[in-house]
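I opened this entry to keep track of what I looked up, one topic at a time.

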Amino acid sequence: MTTEKICRVGVVGAGQMGAGIAEVCARAQADVLVYESTRDLVAAGRARILSSLDRGVSSGKLTERERDQAVDRLTFTSDLGDFADRQLVCEAVVEDEAVKTAIFTQLDKIVVDPHAVLASNTSSIAIMKLGMATQNAARVIGLHFFNPVPVLPLVELVTTLMTAPEVTARAESFAHDVLGKQVIRSADRSGFVVNALLVPYLLSAIRMVESGFSTVEDIDKAMVLGCAHPMGPLKLADLVGLDTVKAIADKMYEEFEEPLYSPPPLLLRMVEAGRLGKKAGHGFYEYE
Ligand code: CAA
């Protein structure tokens, strides 16, 4: 049992989610080490975080001094071996089970502190599988953030049959007390609470486009104006990334064999075409 405060955080992956997680941790006074596999990806991840911090300044959410202090707390590496002294690591790489389990196997050997928390930001892969890729599944947990991470206040906390209560308490306290997020608990079931509800909705909107039921613009307009959602389902699918929506849907379908979770052909074709949404510049909409 340890009550040591978590000050040294590691984030594996600096894509949309990893960059957002690293940003909120640095803004919350943590020393944050961010891993990406190549120098180019490190540079892209760093630029992503700096641009979001600048956006925070321009929208009055933080001062220039707070932004500079957050930048000073961030360091970057392409060597996972540098994570040895981390007290909490959050993995946020591509939604691929083989890639994630390989990272957990490595992290387990690298991170020295037996009380350190090894967390995953997966949306759909069983946390138990990631735990079983290590020698100490008691320290493995799910901490699932929402995009854009600096803006959305929720974290889903996902414990497995083997997560230690002490690890759960540390992870929850970090998300709530340090990061200021609202925490809800979910069972270790593919999709957890949010995606179990959100993904069938996004897929239904894509099926509506596919069948000619309505247009992309009108479906989005319907949900923004008719239900006061901040954005419609097709713009949201673009924001999440269509490859990620497909990967989550595939995993949920594999777990439940529920037809509502089965990705429709239009989604498959768009992913095959590289029309992956906002990050690719093309999806259901065009982006600059
Ligand atoms: N740091 C701090 N604050 C920021 C910021 C940053 N980097 N960027 C934006 N903000 C703030 C803005 O200041 C603004 O605050 P106020 O409302 O107080 O003025 C607020 O965030 C909204 O920003 P914008 O006005 O620039 O943008 P917007 O009003 O067009 O909203 C949006 C954009 C936040 C993305 C909004 O449309 C939204 O919430 N959409 C839904 C997103 C959603 O559902 N995400 C969940 C996806 S599912 C997921 O992530 C998990 C998964 O597993 C798939």
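**Domains.** I started by reminding myself that this is a predicted model. Then I looked up how the chain is divided, and I got domain 1 (8–186) and domain 2 (193–278). Their centres, taken over C-alpha atoms, are separated by 26 Å. For the contact between them, I noted nine residues from domain 1 and 10 residues from domain 2. On the side of domain 1 that touches domain 2, I wrote down two nonpolar, four polar and three charged residues.

I checked the annotations next. An unreviewed UniProt entry puts "domain: 3-hydroxyacyl-CoA dehydrogenase NAD binding" at residues 9–188. I found that stretch, 9–188, to be 41% helix and 20% strand, with its end C-alpha atoms 24 Å apart.

**Ligand.** Which residues are closest to the ligand? I counted 18 residues around the ligand, and the closest are Gly 56, Ser 59, Ser 123, Asn 147 and Pro 150. Sorted by element, α2 (39–58), α7 (192–211) and α9 (233–240) each give two or more residues to the shell. The biggest share is from α2, which gives three residues. By type, I put the shell down as 10 nonpolar, six polar and two charged residues. Where does the ligand lie relative to domain 1 and domain 2? Both domain 1 (8–186) and domain 2 (193–278) give residues to the shell, so I have the ligand lying between them.

**A strand pair.** I went on to β7 (residues 154–158) and β8 (residues 182–186), which pair in the parallel sense over five bridges. To get from β7 to β8, the chain passes through helix α6 (residues 165–178), and I logged this β-α-β crossover as right-handed. For a landmark in the pair I picked Glu 156, which stands opposite Ile 184 in β8.

I found a cis peptide bond between Asn 147 and Pro 148, with omega about 0°. Pro 148 sits in the loop between β6 (140–144) and β7. I also had Asn 147 on my list of residues closest to the ligand. What is the phi of Phe 192? I read a value near 50°, which is positive in a residue other than glycine. I placed Phe 192 in helix α7, one of the elements that give two or more residues to the shell around the ligand.

Notes
Residues are numbered from 1 along each chain as its sequence is written. This is a predicted model: local features need pLDDT of at least 70, side-chain atom pairs count only at pLDDT 80 or more; totals for chains, interfaces and linings use all residues. A residue is near a molecule or strand if its C-beta atom, placed from the backbone, lies within 6 Å of it. Helices (H or I, at least four residues) and strands (E, at least two) are DSSP runs, numbered from the N terminus. Ala, Val, Leu, Ile, Met, Phe, Trp, Tyr, Cys and Pro count as nonpolar, Asp, Glu, Lys and Arg as charged, and the others, Gly among them, as polar. Domain bounds come from an automatic or database domain assignment. Two strands pair if DSSP finds at least two bridges between them. A crossover is right-handed if, with the strands pointing away from the viewer, the path from the first strand over the helix to the second runs clockwise. Two residues are in contact if their C-beta atoms, placed from the backbone, lie within 7 Å. UniProt positions are given in the numbering used here, feature names are shortened, and annotations may be inferred rather than shown by experiment.
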